[in-house]
Amino acid sequence: MNIETKPPSFADDLFGPARIVPVLVPLPTERPYSYVVPEGMQVEPGSIVQVPLGPRQVAGVVWDEPDGGPPEATLDPKKLRPIVHAFDCPPLSADMRRFVDWVADYTLSPTGLVVRMALRAPSAFDPEPWIEGLALSGTRPTKLTAARERVLDVAGKSESWSRSGLAKAAGVTSSVVDGLAKLGAFNTVRIPPPPVVAAPDTGHERARLSAAQVAAAEPLKASVAAGGFSVTLLEGVTGSGKTEVYFEAVAAALDAGKQVLILLPEIALTQSFIDRFGQRFGTEPAQWHSDLPPKTRERVWRQVAEGRVRVVAGARSALFLPFRELGLLVVDEEHDPAYKQEDRTFYHARDMGVVRARIGGFPAVLASATPSLESRVNAKASRYAHLKLASRFREAALPDLELVDMRNHPPEKGRFVSPVLIAAIRDTVLRGEQALLFLNRRGYAPLTLCRSCGHRIQCADCSTWLVDHRLRGVLQCHHCGFARPRPQSCPECGTFDHMVACGPGVERIAEEMLETFPDARTILLSSDLVGGPKRLRRELDAVADGQADIVIGTQLVAKGHHFPKMTLVGAVDADLGLANGDPRAAERTFQLLHQVTGRAGRSGLASRGLIQTFQPEHPVMQAIASGSAERFYEREAAERERAGLPPFGRLAALIVSADTRREAEDHARALRRAAPPDDAVEVLGPAEAPLALVRGRHRFRLLVMGGRQARIQAFLRATLAEAPAPRGSVHVQVDIDPQSFL
DNA sequence: TGGCAGAAAAAC
DNA sequence: TTTTTCTGCCAC
């Protein structure tokens, strides 16, 4: 039985050669590496293991044997290195492993990089240590104060307590507990680490739903009860109570013993969502986002893997958490561009979420007031079920929407807010309510011009205009981040005091408001606010709390927060973004304006939305003013059909560098600038590029640039008979069929 | 020909 | 991602 003392060669003779398993390591590698399983170590596919990699050690995942057994050995099995350690951690589920493989394949990313996203919690792979707890010893101190009585009383209600938990439960400070401990009232015992969040209680406070909400919630609950893969698009105007509707599906999944993931755009992960969840389920959901403290991050990861955490509310990266029994996925604000990750591994969390649901065989719910065109099309084609909530919940009325034709109501010279909007702001502030001015442009002015020679200050690297950021005193490039101090004289002709700021940014609108309404409390909300996201969150809370009269904000004010006193919303330059060649320009503008005007009037007060535009006849403006999303979608569908475009679609570009990675990055930058923002531009090294080309799913066009490398040329000649013989660096544009993920 | 920086390849 | 190896270039 005990073979450990025998020499390994003897054991080999007896039991055959050492077991070799594939291990996927977190590197840009397409396939797992092979490692030897040491005698006596138990591993299975999904096990998380520590392996040597070159001179260092990394955590990897034991992967599945490829179909048809291991490929012929490329390495001498005798030279393979052994696994160092198998972590005491639940293995990644088979679903999760299939998901990682699928995402890698679909996004053309090395599998190792995708698995890395699932392992983003260093040192969560070993169990959390048990902590020291207290249990009543039975000895009662002679001197008993009221506080001490209470502690002993409460302590009797459970086997064991953590020091702070007991103090909190008894409503005393921990010094009272410490004092009792010193007198021998407790034995110390080892207790398991506390959960990061309490278990949700699905019966905590059942929501009182309107008839429309019930009508939407029932089919969702039914699809959860039925189990199996399905996708439902839940479309409801702002304030229609979508969240409460999908909470019913969440409750149903929890009652069925499943874990639930609610994806939110990063910015929407605010206290208001947490609070609403708390009201319904009596506890917070576990949160997952990029600025989680490392310790919390590890505990959440671990407890999700163990199944102790039942609900996660997270940003897109939460999709790669190691759920063991995920049974429902909700993607809130499914149209939000923040779901698309555009560095390293390119993926769209909403679409990959649908894939996760398909692989796991459970329902997905996509919720939005302004769904993306692709989800609309998928719903229309019956790939997704479609539920609509047409009216607002309870007394909350939709705002009166009005287009302000800027040709008829021009602002004063040097100003940007029309008299119509100024008057409305005045009324609003006088009533003690709040006004929101929305302008999707950071900084003070998008262009600085020399009135003497006409020079426009441009970025040294990108030749785009530098944006004047007056609060920080710099001119900054919004493409590459290049910044320079604001010059006193023209850098071209040297003339002093002739530099003039052109066009509005939020800082400039704030200045205009301060001048027009010097007594009002004006607050500026922008993502580049000094003080970072923490300060921003505070400011948003302050606005919600009524501590401002006039709020000026970029698109970050469009979502998440509920501002009860906000009864006027003005879009300063609604046309912005319509003319930039982005194939999603109309869609994005519509979504943004619809959302931002929806900030008004959710509390029963009469409210208005004023949209400043130079083209009130534009279909997007007409759709916005009508308050009907339907109108926009129909219009857009007809437009695309007439233009011979697919109903929706994304364009990606792969850039194959023949020369150097650096050169490829340069090309990529150039292409990103030239291409509409929604295009994904991916850079591949020579080794990865051919792989991308031969994957059958894509159609591509070739654009041949200058360069040298023969290997790629030969490959391309052989692979793409119809392509012109490339002379070096190759740009490959790839149309990804956006429906192929189903 | 040794030394060096920057680029490319390898990591099992 | 980190570490090692390769390559071209220069000075000696």
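Select Cys 450 to begin: does it count as buried or exposed? Cys 450 counts as buried, at 1% relative accessibility; buried here means under 20% relative accessible area, exposed over 50%, and partly exposed in between (1.4 Å probe, protein chains only).

Some ground rules before moving on. This is a predicted model, where local features need pLDDT of at least 70 and side-chain atom pairs count only at pLDDT 80 or more, while totals for chains, interfaces and linings use all residues. Residues are numbered from 1 along each chain as its sequence is written, chains are lettered from A and ligands numbered from 1 in the order in which they are written, and side-chain values use heavy atoms, with hydrogens and water left out.

**Zoom out: the whole chain**

Chain A has 21 helices and 31 strands; these are DSSP runs, numbered from the N terminus, with helices (H or I) of at least four residues and strands (E) of at least two. Of the 742 residues in chain A, 50% are buried. Now for contacts, meaning heavy atoms within 4.5 Å: among those in chain A with a separation of 6 or more, 74% join residues 24 or more positions apart.

**Back to the cysteines**

Select Cys 450, Cys 453, Cys 490 and Cys 493, which the UniProt annotation "binding site" covers in an unreviewed entry. UniProt positions are in the numbering used here, feature names are shortened, and annotations may be inferred rather than shown by experiment. These four span 44 residues in sequence, but no two of their C-alpha atoms are more than 8.6 Å apart, so they gather at one spot.

Cys 450 lies in strand E19 (residues 447–450). Leave aside its neighbours within four places in sequence, and Cys 450 is in contact with His 455, Cys 490, Cys 493, His 498 and Met 499. Jump to Cys 493, in the loop between strand E22 (483–485) and strand E23 (499–502). Cys 493 is partly exposed, with a relative accessible area of 35%.

Next, pick Cys 459, Cys 462, Cys 477 and Cys 480, where UniProt places another "binding site" feature (unreviewed entry). Cys 477 lies in the loop between strand E21 (474–476) and E22, and is buried, with a relative accessible area of 2%.

**Helix H12 and its cover**

Select residues 373–380, helix H12. Of its 8 residues, 6 are buried, so H12 is largely enclosed by the rest of the structure. The buried ones are Leu 373, Glu 374, Ser 375, Arg 376, Asn 378 and Ala 379. To see what covers them, show helix H11 (349–360), helix H16 (585–597) and helix H18 (629–642), then strands E8 (230–236), E15 (363–368) and E16 (385–389), all included in the cover. Just after H12, look for Ser 382, which takes a positive phi of about 65°.

For side chains, show Ala 586, Thr 589, Phe 590, Leu 593 and His 594 of H16 against Val 620, Met 621, Ala 623 and Ile 624 of H17.

The axes of H17 and H18 come within 7 Å and cross at roughly 155°, which means H17 is roughly antiparallel to H18. Here Pro 619, Val 620, Gln 622, Ala 623 and Ser 626 in H17 meet Arg 631, Phe 632 and Arg 635 in H18.

Ser 123 is not a glycine, yet has a positive phi of about 65°. Find Ser 123 in the loop between helix H3 (111–118) and strand E6 (131–136), where it counts as exposed at 54% relative accessibility. Glu 333, also not a glycine, has a positive phi of about 50°. Glu 333 sits in the loop between strand E12 (326–332) and strand E13 (340–343) and counts as buried at 17% relative accessibility.

Definitions and conventions: Axes fitted to C-alpha atoms, helices over the stretch in contact; angles between N-to-C directions. Parallel < 35°, antiparallel > 145°, perpendicular 65-115°, else oblique.
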